[in-house]
Amino acid sequence: MYLKVPIVLLALIEGSMLVFAPYLAAALRFDGTSIQEATETGRLLPTALLFAVFGLLSSFAVGLYSVRQRSTFAGLLVRIIAAIASAVAMSILAFYLLPAIAIGRGLLAITAAIAVVLLAGTRLLFERIVDQDTFRRRVLVFGAGRRAASLLELRRRSDTRGFRIVGFVASEGDVVSVPDERLLPRPDDLFRWSVGADVDEIVVAMDDRRRAFPMHEFLECRMAGIDICELPTFLERETGKVRLDVLNPSWIIFGEGFRASPLQRVLERGFDVLASLCLLVLASPLMLCAAVAIRIEDGWRAPVLYRQRRVGRFGETFDVLKFRSMSVDAEKGGAVWAAKDDPRVTRVGAVMRKTRIDELPQLVNVLRGDMSFVGPRPERPEFVAQLEQTIPYYRERHTVKPGITGWAQLCYPYGSTEKDALEKLQYDLYYVKNRSLLFDLAILVQTVEVVVWGKGAR
């Protein structure tokens, strides 16, 4: 998982603001006389640090640190308020467990109000500054053919926020596919030209690397501190997905990633077992209510659970469990993709799908080991057989356990076409390549945003 410098910088600044908020609140509350009156111990730092941690975690959960965040300022303000409200709730619980660091309700309310104002102001300032070239790497693209032109297809502001393309240099054998105004003449000395143009990184995007590969010049640049990066790696880092249109098998075979140590597998399985047991206990009242609601709508003899064959790790099939959200005879004509406003979805089912309650029985799948909490979503065998014939590398998504949530679910809206499957596969491969326990935890926290804001639900 790659961390983008502006996002890390923003988190550090906002973390400092959240630490400062209780001190400012105490100064206002006690007329600047003595902040030692705020807690029993006379020390406010532990309380401030705890509030900052809760605030950062909540901000992360509601998507404030997502590089694909495209909300208006009003939308950002709503998310900031939600994050601070969550931080306040967690702080109250912490104060109950650790009364020595507790602060009064009035002081906590003032702290929350100050935190909202500080974070909102920081966001306004950050949005103005981050798009300046100061925070962008200057990138030279070596190549001007079909592969290089894929960089011009990046349309999302979030995908291009971290760099600015200085220009494209055509390599020998390229059929030029970039606009003339973006082309640069081939420098006689690539190293000296790059240093003079303050180039931070060179992206190798040659269509044919067997012809006149400038090894010596690249070595000079690399030894001088200029990064040299292959096009697939660059696009993976900037877009958070593995671009299949520029991919070659050797990049997967010889590149980094796509591995998991025995310790990592043990930790992941231990986390799955412990978390699924805890969540089953906590969610049991909600699951009971869902079962009763299904029976009330469809009759007391109607099935509550829906079992469906899905493809798991290494292509093995298993029965995934879900609360039934469609009519009993929804697939009497055979397996079909779900559609927008699908008429087969019941009224109770529509609510469960929107809130993701229908996914709760999959905790049993996680406990049994069929699934993990995080991973590519399991697909039906009929669709897998079809997609493996038409989409390259589709089989590789099954090298890890499927998950209840995943990187593709966070980055791409719900889709039910072959084109959607291709797009989601690129995010799934990114997850398979970069997966770690830390990445899994980050995905789980961000899944809260999907549930709260209903993104991707159908």
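## Working through helix α4 and the cores

A113 sits in helix α4, which spans residues 105–129. Keep in mind that this is a predicted model.

**Exercise 1.** Work out whether A113 is buried, partly exposed or exposed.

*Solution.* Start with the relative accessible area of A113, which comes to 44%. Next, recall the cut-offs: buried is under 20% and exposed is over 50%. The value lies in between, so A113 counts as partly exposed.

**Exercise 2.** Describe how α3 and α4 cross, and say which residues make the contact.

*Solution.* First, the geometry: the axes of α3 (residues 73–97) and α4 come within 10 Å, crossing at roughly 145°. Then the hand, which is right-handed. Now the residues: α3 brings F73, L77, I80, I81, I84, V88, I92 and F95, while α4 supplies L108, A112, A115, V116, L119, A120, R123 and L124. Finally, sort them by class, and you get 15 nonpolar residues, one charged and no polar.

**Exercise 3.** Find the residues with the most contacts inside the largest nonpolar core, then trace what Y431 touches.

*Solution.* The largest nonpolar core holds 44 residues. Those with the most contacts inside it are F323, M352, L360, F373, I391, W407 and Y431. Now zoom in on Y431 and skip its neighbours within four places in sequence: that leaves contacts with V374, G375, P376, V400, W407, F439, D440 and I443. There's also a second, separate core of 29 residues, with F30, A83, V116 and A120 among them.

Technical notes. Residues numbered from 1 in each chain as written. Predicted model: local features only at pLDDT ≥ 70, side-chain atom pairs only at ≥ 80, totals over all residues. Heavy atoms only, no water. Core = buried A, V, L, I, M, F, W, Y, C linked by side-chain atoms within 4.5 Å. Buried < 20%, exposed > 50% of the residue type's maximum accessible area, 1.4 Å probe, protein only. Contact = heavy atoms within 4.5 Å. Helix = DSSP H or I, 4+ residues; strand = E, 2+ residues; numbered from the N terminus. Axes fitted to C-alpha atoms, helices over the stretch in contact; angles between N-to-C directions. Left-handed = near helix turned anticlockwise from the far one by under 90°. Nonpolar A, V, L, I, M, F, W, Y, C, P; charged D, E, K, R; others polar.
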